[in-house]
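The sequence and structure come next.

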Amino acid sequence: MLGKLIKHEFRATGRMILPMFAAVLIVSVLARFAFRMLDSGLPIFLGLFLYFIVFAFFIGLIGAFIYTFVIMVVRFKRNILSDEGYLTMTLPASIHSVLWSKIIVSIVWSAATVLVVGLGAVIAAFDASWVYDILKDLGYLAELFLSIDNKAQVIGWFFAAIVYVIVYSITYCLNIYSCMAIGYGFARHKALLSGAAFIAIGIVMSWVSGSELQYLAVMNDQVPFSVGFYQNFAVMLGTQLFKGAVFYVITWLNLKYRLNLE
Amino acid sequence: MPILEARSLTKRYGSTPALSNVSFAVEPGRIVGLLGPNGSGKTTLIKLANGLLQPTGGEILIDGEKPGARSKSLISYLPERINVPLWMSAAELIKFYDDFFADFDPARAQEMLRNLGIGEKMRIKEMSKGTREKVQLILAMSRRAKLYMLDEPIGGVDPATRDYILATIISNYDPSASVIISTHLIADVESVLDDALFISRGEIVLYDSVDHIRESRGKSVDGVFREVFRC
């Protein structure tokens, strides 16, 4: 059932996100030409138009992240907490499956947004002379890697970083969902109370983060980074997993026991 | 085993009671009218059966189990609100239902859409309110469910559509399945009901077969309803 939920989640969100990706890439191509033509003494109206394209490009790069975030929030509200919830919450699926389908799809679209924005930046600024420099840098990196004695450790660090980013993203997603699930459990002022929940949870979680940083600072005073990497990683990952678990339980409990669709 | 059973079922919203110690059982193969004025607890009862609300006390069982993923596969629920995604077309909704509900019959849904002259490619947001309600009813009645729970299926439609909806309900449900129709428009549904369950202020005031109600009281169910719920 999770697979079907994910499939439909991609369909429902993809129809809004994919056109945005296309728009970012098109504006990036236009910006590439605009960058090249700006210094060529064009008439003022054409110059203004080119500046507008460049402006749209930069807004597009930042806006892509905001747009994806807004889609994630709106989709959760519309599909679970509003009238569509009558259908979503009566599908023969558990709340866990519904929740995980939203989390997984949000993470995939967030990662895709990073890639598309990166690609847009490359399209706009790419120069053929870079190919040589990039190949040279890649060669240098390969040499550096081969000269390292403990290659397994470096690979381990790399994968640890990826795991941390994924867990952090899931936790952030659940943070938003938990606040909405709390706010929409009330009869009135649902959006306002979701915001209030976000602030209240943020205050509590900043204390958790403060304790984490304090612990890391003490630990790093005693152990060098290369030795204590996995200890640092375990503390940071553990903190994120703890936060994520708390947000997950809050969301699940509120959807199961407090949700009252109008 | 009853397909739907409530045991001392209680639901409160804060300090406001919506259902108080309600007990009843619906056997398979019955068409039951859940009858009561606005705010009597009909929708709360249906939401509890569908797992959209949790009881404050007591329990509600569907085919002997508490509401969960399995019970949701047994119930075909028609809420009083438009619950389908507005951006989808009727054809996309048929695929959606077919994907999630093993008992969904897409051919039956397509035939009903054709009979009503509703284009499959038309998006829900392009349809009138009445047409949207018809599409929802078609989707709900195209399942071969064990229990149909229809919340105010005829509330907002014209008399001709009401007749069509009731005919659709009667002609499309499996005789071994049960149908619960929540409404306050008694006269329109009386002819299709086997049993009537009167609910007032969260309490059951009458639950009997329609034939017995008429015999014992010498009135139609509509007449009894007007008597019981006289303002």
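Two strands are taken to pair if DSSP finds at least two bridges between them. In this predicted model, strand 1 (residues 4–13) of chain B is joined to strand 2 of chain B by seven bridges, and the two run antiparallel. Within this pairing, Arg12(B) has Pro17(B) of strand 2 of chain B standing opposite.

These strands belong to an open sheet of three strands in chain B, whose order is 2-1-4 and whose pairing is antiparallel. Strand 2 (16–26) and strand 4 (57–62) of chain B are the edge strands, each pairing on one side only, and neighbouring strands of this sheet are turned against each other by 20 degrees on average, direction ignored. Helix 1 (residues 42–49) of chain B packs on the sheet and touches strand 1, strand 2 and strand 4 of chain B, with a direction that makes about 115 degrees with that of strand 1 of chain B.

## The six-stranded sheet of chain B

Chain B also holds an open sheet of six strands in the order 5-6-7-3-8-9, with mixed pairing. Strand 5 (75–78) and strand 9 (203–209) of chain B stand at the edges with a single partner strand each, so one side of each has no neighbour in the sheet. On average, and with direction ignored, neighbouring strands here are turned by 15 degrees against each other.

Strand 8 (residues 195–200) and strand 9 of chain B run antiparallel and are joined by six bridges; Ile199(B) has Ile204(B), in strand 9 of chain B, as its bridge partner. Helix 8 (residues 210–217) of chain B packs on the sheet, where it touches strand 8 and strand 9 of chain B, and its direction makes about 95 degrees with that of strand 9 of chain B. Helix 9 (residues 221–228) of chain B packs on the sheet as well, touching strand 3 (31–35), strand 8 and strand 9 of chain B, and its direction makes about 15 degrees with that of strand 8 of chain B.

## The interface of chain B and chain A

The contact takes 24 residues from chain B and 25 residues from chain A, and the two chains bury about 2500 Å² between them, 60% of it on carbon and sulfur atoms. Three salt bridges are found across the interface, one of them between Glu92(B) and Arg11(A), whose closest N and O atoms are 3.1 Å apart.

Helix 2 (69–74) and helix 3 (90–100) of chain B each supply at least two residues of the side of chain B that touches chain A, and helix 3 of chain B gives the most, with five residues. By class, this side of chain B has 15 nonpolar, four polar and five charged residues.

Methods:
Residues numbered from 1 in each chain as written. Chains lettered and ligands numbered in written order. Predicted model: local features only at pLDDT ≥ 70, side-chain atom pairs only at ≥ 80, totals over all residues. Heavy atoms only, no water. Contact = heavy atoms within 4.5 Å. Buried area = accessible area lost by both parts, 1.4 Å probe. Salt bridge = Lys/Arg side-chain N within 4 Å of Asp/Glu carboxyl O. Helix = DSSP H or I, 4+ residues; strand = E, 2+ residues; numbered from the N terminus. Nonpolar A, V, L, I, M, F, W, Y, C, P; charged D, E, K, R; others polar. Axes fitted to C-alpha atoms, helices over the stretch in contact; angles between N-to-C directions.
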